[in-house]
Amino acid sequence: MATSSSGASSGSSTLRSSSSSEDFQPILDERKRKRMLSNRESARRSRMRKQKHLDDLMAQVSDLTNHNNQILTSINVTTQLYSNVEAENLVLRAQMTELSNRLQSLNGIIHFIHSSNGVLQNDTNFDQPAYCHPHHQLNDDSLMNPWNFSTTNQPFMPSADMMMH
């Protein structure tokens, strides 16, 4: 805007600039309104994307929590089964030890019987009594007498079923 030396022309120039800015004001207001609407729509879309992302993350958290619970349940079941097997193994080891001790004791008795005097020299001869010890002779009457304990003292052979009760 050029100003002249006269005061009248400068006053008219001010009128023209204010009138020309009034002419552009509706255009500027329209642009400002469109920009505000565009910004609002962009902010709405951003909030929607953010909400969708949050919903997706919450669904993922729920899925992972369910998966973790399934894993924990599986671990608990496996731990319980392991404990049961370990307890059963402990019982079986105790039974094996008991049976081994009994077998060792019985083998000791058999060894004692075989090493003592009066042991039958020929085991294949079934017509002879098994023991020829002078105080413990077998005869037909001794089998009929229930009070004769020399013949009822038989070796005991335990079975695995005995330990289950």
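I began with Leu28, which is partly exposed because its relative accessibility is 47%. The cut-offs I used: buried is under 20% relative accessible area, exposed is over 50%, and partly exposed lies in between (1.4 Å probe, protein chains only). Leu28 sits in helix α1, residues 7–115. Helices here are DSSP runs of H or I with at least four residues, strands are runs of E with at least two, and both are numbered from the N terminus.

A note on the model. It is predicted: local features need pLDDT of at least 70, side-chain atom pairs count only at pLDDT 80 or more, and totals for chains, interfaces and linings use all residues. Residues are numbered from 1 along each chain as its sequence is written, and side-chain values use heavy atoms, with hydrogens and water left out.

**Patch around Leu28**

I looked up the neighbours of Leu28 on the surface. Phe24, Ile27 and Leu28 make a nonpolar patch there, with about 300 Å² of accessible area together. Patch residues have over 30% relative accessible area and no salt bridge; nonpolar side chains (Val, Leu, Ile, Met, Phe, Trp, Tyr) are joined within 5 Å, like charges within 9 Å. Areas come from the Shrake-Rupley method with a 1.4 Å probe, and for residues only the protein chains shown count as cover.

**Whole chain**

I checked the overall make-up next. The protein chain has two helices and zero strands. Of its 165 residues, 4% count as buried. The chain exposes about 14,700 Å², and carbon and sulfur atoms supply 58% of that area. I then looked at contacts (heavy atoms within 4.5 Å). Among those between residues at least 6 apart in sequence, 34% join residues at least 24 apart.

**Salt bridges**

How many salt bridges does a search of the whole structure find? It finds five. The criterion is a side-chain nitrogen of Lys or Arg within 4 Å of a carboxyl oxygen of Asp or Glu.

Arg33 is partly exposed at 42% relative accessible area. Glu30 is also partly exposed, at 30%.

Next I looked at Glu41 and Arg45. This salt bridge has its closest N and O atoms 3.9 Å apart. Both residues lie in helix α1, four residues apart, about one turn of the helix. Glu41 is partly exposed at 30%, and Arg45 is partly exposed at 40%. I also noted a network of salt bridges that links Glu41, Arg44 and Arg45.

Then I turned to Arg102 and Glu98. Here the closest N and O atoms are 3.1 Å apart. These residues are four apart in helix α1, so they too are about one helical turn from each other. Arg102 is partly exposed at 26%. Glu98 is partly exposed at 31%.

**Confidence**

I finished with pLDDT, the predictor's confidence in each residue, from 0 to 100. The chain mean is 76, and 58% of residues reach 70 or more. Over residues 1–10 pLDDT stays under 50, and the model has three contacts there beyond four places in sequence. Residues 128–140 are also below 50; that stretch has 15 contacts beyond near neighbours in sequence. Where pLDDT is low, predicted coordinates should not be read in detail.
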